Amino acid sequence: MSSLKEGRCYNCGSILHLDPQMEKGHCIYCDAVFENERAFEIAANPDDYSFENKEMPPYEGPNLDPKPSSAPVVNFSPPPKATAKKQAEAKPVYEPKIREIPDVKADRKVALIAGGAIALCILLFLAIVLPQTINRDKQREEMANTFSQAVKTIGGSSEQVILGEDFVITGMKNNRGILILQELKDEAQAKEYFKAFVEARGRDANGEVVLDLIAKDKTYRLSQDGRDAEIELRPDAALD
């Protein structure tokens, strides 16, 4: 039987006793598999080699242990410090902790009640506002027809009123108007236009009324706090 020969693992630098008649050897310390001739060459000149000390996968091949009649005790010698490469220590990876937001599901009954309440508010709003809007628009058309006849009487056949063009009515109570005229003689005629506007609103209508008269060379703002109040006239007033 052959005697064993000293060799070194090319990976971790451990001293191994190998069978020269075997082609390959196996390091029992790091699981590296190598050519025996290479291990013998490294053992002869260990200072010429740098041992990388890589992590090897577990060896599952055929048995490569030497088979002499009496195998000597294998002595482990760590690789020289000057030649062994230190593995870089992996830096710990910071993983932020994410707090999960609980899935809060609204109760179906609560959702139905809330939806019903919103729908009811919308219906109430429409029930109150829609009739007022319809009534306001209807009254506005009637006012325009009545006022247009009065404008022709006061200003002559040349004056006419077209709602939305030369005559505008605003306010929820149709209490503000703007009239554009081709000619405006004096304050007395301005008051006649204002009285016609008040009459067009209706005898039962009360509250503040404002009418702006705009002509080429004159501008008046007439107002009245109530039907029985005095008419206030401001010539050349800045219209807001």
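## Aromatic pairs

Rings of Phe, Tyr and Trp (its six-membered ring) pair if their centres lie within 6.5 Å; planes under 30 degrees apart count as stacked, over 60 as edge-to-face and the rest as tilted. The structure holds four aromatic pairs. One of them joins phenylalanine 147 and phenylalanine 197, with 5.8 Å from centre to centre and 75 degrees between the planes, and is edge-to-face. This pair links distant parts of the chain: phenylalanine 147 sits in helix α2, phenylalanine 197 in helix α3, 50 residues apart.

The rings of phenylalanine 167 and phenylalanine 197 have centres 6.2 Å apart and planes at 85 degrees, so this pair is edge-to-face. Phenylalanine 167 is in strand β5 and phenylalanine 197 in helix α3, so the pair ties together parts 30 residues apart in sequence. Phe147, Phe167 and Phe197 form one aromatic cluster.

## About the model

The model is predicted: local features need pLDDT of at least 70, side-chain atom pairs count only at pLDDT 80 or more, and totals for chains, interfaces and linings use all residues. Residues are numbered from 1 along each chain as its sequence is written, and side-chain values use heavy atoms, with hydrogens and water left out.

Helices (H or I, at least four residues) and strands (E, at least two) are DSSP runs, numbered from the N terminus. Buried means under 20% relative accessible area, exposed over 50%, partly exposed in between (1.4 Å probe, protein chains only).

## Helix α2

Helix α2 covers residues 108-155. At 1.5 Å a residue, its 48 residues should span 70 Å, and the end C-alpha atoms are 68 Å apart, which agrees. The expected span is 1.5 Å times one less than the number of residues. Just after α2, glycine 156 takes a positive phi of about 100 degrees.

Which residues of α2 are buried? They are Arg136, Arg140, Met143, Ala144, Phe147, Ser148, Val151 and Ile154. The buried residues of α2 pack against β5 (167-170), β6 (176-180) and α3 (187-201). Phenylalanine 147 and phenylalanine 197 are both buried. Phenylalanine 167 is buried too, with a relative accessible area of 0%.

## Two asparagines

Asparagine 53 has a positive phi of about 55 degrees although it is not a glycine. This asparagine 53 lies in the loop between α1 (36-44) and α2. At 34% relative accessibility, asparagine 53 counts as partly exposed.

Asparagine 174 also has a positive phi of about 55 degrees without being a glycine. Its loop runs between β5 and β6. Is asparagine 174 buried or exposed? Asparagine 174 is buried, with a relative accessible area of 0%.

## Glutamate 23

Glutamate 23 is found in the loop between β2 (15-18) and β3 (24-26). Glutamate 23 is exposed, at 61% relative accessible area. Leaving aside neighbours within four places in sequence, glutamate 23 is in contact (heavy atoms within 4.5 Å) with Phe34, Glu35 and Asn36. The C-alpha atoms of glutamate 23 and leucine 64 are separated by 9.1 Å; the two residues are 41 apart along the chain.

## The cavity

On a 1 Å grid over the protein atoms alone, a cavity is a set of points where a 1.4 Å probe fits but cannot get out; lining residues have an atom within 4 Å of a point. A search of the whole structure finds one cavity of 30 Å³ or more. The largest cavity has a volume of about 40 Å³. Val198, Arg201, Ala205, Asn206, Gly207, Val209, Gln224, Gly226 and Arg227 line the largest cavity.

Definitions and conventions: 1 Å grid on protein atoms, 1.4 Å probe; cavity = no way out; pocket = protein on both sides within 12 Å on 5 of 7 lines; lining within 4 Å. Points joined across faces, edges and corners; volume = space filled by probe spheres on them.
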